[in-house]
Amino acid sequence: MSSRIIGKPLANFNAERYWSAADLALHMSQQLIIKDEFVGAIEAVRSGRESLNKLSQVLNEYANDEAQKIRIWRRWVRETIDNSRANGSPAIIVDKSAHKLYIVESGKIVRKFECELGYNSGKQKFFSGDGATPEGQYIVTKTKHNGSKFYKALLINYPNQLDKKRFAENKSKGIISRYARIGALIEIHGNGGRNDDWTDGCVAVTNGQMDSIMQYATVGMPVTIVRRSDIWP
């Protein structure tokens, strides 16, 4: 899966835009110097410098945001592992950036699978149709050994209370449309193995891997989804 990355957050798109603007300004200044149009070249350099300053700001903001969130993601993973160890019970942890699904039992990783995500999974899920795989601490609410259009599936309790609170706050701030819906029906399911992020927000694995996951699955099983984590048992 080295050729695939999760969907890029807006910060990355802005960074690319500013970098492209700076690169274009540099190219323009070089062409203007060749034509002895030095005033125009100086203006192009100034424009490029402004774009680089904006790029630096975007990257700093993104780094600060990631630093704050990584603490939350670490806590979720740690709590899931600790609860599994204390109860001797299985749990699922999904690391979106690594495209990995881990089955933890008694606090130890017992199985590890490649997984595929929503087509826009570089960020938290905001609303129905955004293509993002949600990040949070969930539980399995239904095991679908039959009747799933994606072979077999585990339905999780998205949206949970934190998702509903975030959704309401984003609506009130105008971050998302007042007509947006929060969405539902997020699953871990089969029919994966496409080496691409293609779902509407679910986590997909191959059918054989789904068979293995179903051996551990029960209603109430914890499912923790993080964008990134560096803490593992």
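This is a predicted model: local features need pLDDT of at least 70, side-chain atom pairs count only at pLDDT 80 or more; totals for chains, interfaces and linings use all residues.
Where is the place of Pro 159? Pro 159 sits in the loop between E5 and H3.

Most peptide bonds are trans. The one from Tyr 158 to Pro 159 is cis, with omega near 5°.

Now turn to the tyrosine. The structure holds two aromatic pairs. In one of them, the rings of Tyr 138 and Tyr 158 have their centres 6.3 Å apart. Their planes meet at 65°, and edge-to-face requires an angle over 60 degrees, so this pair is edge-to-face. The pair links distant parts of the chain. Tyr 138 belongs to strand E4 (residues 136–148). Tyr 158 lies in the loop between strand E5 (151–156) and helix H3 (161–172). The two tyrosines are 20 residues apart, and both are buried.

Phe 150 is in the loop between E4 and E5. Trp 198 is in the loop between strand E6 (187–189) and strand E7 (203–204), so the pair ties together parts that are 48 residues apart in sequence. Trp 198 has another partner. Arg 194 lies over the face of Trp 198, at 3.4 Å from the ring centre.

Next, find helix H4, residues 207–214. Which of its residues are buried? They are Gln 209, Met 210, Ser 212, Ile 213 and Met 214. An α-helix has 3.6 residues a turn, so residues three or four places apart point the same way. What covers the buried residues of H4? The cover includes strand E1 (90–95), strand E2 (100–105) and strand E3 (108–114). E4, E5 and E6 are also part of it.

Finally, check the backbone angles. Most residues other than glycine have a negative phi. His 99 is not a glycine, yet its phi is positive, at about 55°. His 99 is in the loop between E1 and E2. Leu 185 also has a positive phi, near 60°, and is a residue other than glycine. Leu 185 is in the loop between H3 and E6.

Are these two residues buried or exposed? His 99 has a relative accessible area of 4%, under the 20% cut-off, so His 99 is buried. Leu 185 has 61% relative accessibility, over the 50% cut-off, so Leu 185 counts as exposed.

Terms used:
Residues are numbered from 1 along each chain as its sequence is written. Side-chain values use heavy atoms; hydrogens and water are left out. Rings of Phe, Tyr and Trp (its six-membered ring) pair if their centres lie within 6.5 Å; planes under 30 degrees apart count as stacked, over 60 as edge-to-face and the rest as tilted. Helices (H or I, at least four residues) and strands (E, at least two) are DSSP runs, numbered from the N terminus. Buried means under 20% relative accessible area, exposed over 50%, partly exposed in between (1.4 Å probe, protein chains only). A charge sits over a ring if NZ of Lys or CZ of Arg is within 6 Å of the ring centre and within 35 degrees of the ring normal. Contact means heavy atoms within 4.5 Å.
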